[in-house]
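Subject: Structure handover, with notes on one strand

Dear colleague,

I am passing on the structure below, and my notes on what was found in it follow directly after. Please keep it open while you read.

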Amino acid sequence: MANTQLAIDAASNAFKTFSQTTAKERSDLLRNWYNLMVKHSEDLAQILTKENGKSIAESKGVAALITPWNFPHAMITRKAGAALAAGCTCVIKPSEDTPLTALALADLAEKAGFPHGTVNCASNIKRISLELGGNAPFIVFDSANMDVAVSGAMASKFRNTGQTCVSANRFFVQAGKFDEFIEKFLSKMKCEIKMGDGSKADVTHGPLIKESQLNMVHGLVTDAVQKGAKVHCGGTPLPELGPLFYAPTLITGVTQEMKIYSQEIFGPVAVIHKFTTEDEAIQKSNDTPVGLAGYFYSEDVSQIFRVAKKLEVGMVGVNEGLISTAEAAFGGVKESGIGREGSRHGVDDFLDIKYVCLGNLKL
């Protein structure tokens, strides 16, 4: 708590002068910080792989202040970039599971020229701009291109070993394409996923973040199997690779009494449901208290506009499994959080509107 107060005090003191800097000055500092991150991308990737477990290839992906462990670099820079651009100072509370990336970024911020106290790390802090996760539906209509849909499913479900808030969590495949989707999805899972040490070049997916995460994922799968679900592949930990590895898993036959039906999985487990009509798919997709992201695949233009409008989520991927980008507003509806990150809207949470009325001036 003492360290937190020191960080808050430092940020408060720095704000008195940093808030008066020009947009150009802040832009130069952000560019310097970015340039240093690019220069040290190899070092940052090594840190990220060692503390998070993701592969080197993903750790070095292009990415652009309570922050999560699954994207410790992108979540900090996306939030801090908007705050600093607006003239605010930062106190960053990284996840206790991945503190090293935050410390490395804070060090680079100091080297970039940000004044002392502008960027701080703390063990505990409260924020009111919140992104609280989701339970993303992934709908495949009969009109979809199956190869495109399966490729999107792989990217959306298994990125970061399934540990992302926008991961496809509930797959709904229309009856006419259900068997074909299962067959092609299984084939891609077996051919394209290589689990192991993320620092090795041929490895695509690493371990889960910690033991409790693995136990939670395996508990959901075990509960589903005990209640009659069918496991097409995976369904078990992989202790031969390490204590935190879980096999990529595909399950069908899941019903509402199974825990995995409504819970965010946050692991490499794909649950596939069959549906008949468009209205049924939309109703089941929206039957959740959260609404961060949603995905659907269709080549029917009329259907695309109908479904995109009806899905109760903050972000929609149409024939696309990877939707996060710095240029777009990131955030959800319902219980998935408050505010937006990224894009020009990401600055809004760090600004207050001031109304100045000028009158009775003689010019």
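Strand β4 is covered on both of its faces, with A136, F138 and V140 buried on one side and P137 and I139 buried on the other. Please bear in mind that this is a predicted model. Because 5 of the 5 residues of β4 (residues 136-140) are buried, the strand is largely enclosed by the rest of the structure.

What lies beside β4 in the sheet? Strand β5 (residues 168-174) runs parallel to β4 and is joined to it by 5 bridges; within that pairing, A136 has A168 as its bridge partner, while F138 has F171. The two strands also belong, together with helix α7 (residues 146-158), to a right-handed β-α-β unit. Strand β10 (residues 293-297) pairs with β4 as well, again in the parallel sense, over 3 bridges, and there V140 stands opposite Y297.

These pairings form part of an open sheet of 7 strands with mixed pairing, in the order β6-β7-β8-β5-β4-β10-β11. The edge strands, each pairing on one side only, are β6 (230-233) and β11 (315-318), and from one strand to the next the twist averages 25°. Helix α11 (residues 301-310) packs on this sheet, where it touches β10 and β11, and its direction makes about 165° with that of β10.

With best regards

How values were computed
Residues are numbered from 1 along each chain as its sequence is written. This is a predicted model: local features need pLDDT of at least 70, side-chain atom pairs count only at pLDDT 80 or more; totals for chains, interfaces and linings use all residues. Side-chain values use heavy atoms; hydrogens and water are left out. Buried means under 20% relative accessible area, exposed over 50%, partly exposed in between (1.4 Å probe, protein chains only). Helices (H or I, at least four residues) and strands (E, at least two) are DSSP runs, numbered from the N terminus. Two strands pair if DSSP finds at least two bridges between them. A crossover is right-handed if, with the strands pointing away from the viewer, the path from the first strand over the helix to the second runs clockwise. Axes are lines fitted to C-alpha atoms, for helices over the stretch in contact, and angles run from 0 to 180 degrees between N-to-C directions. Contact means heavy atoms within 4.5 Å.
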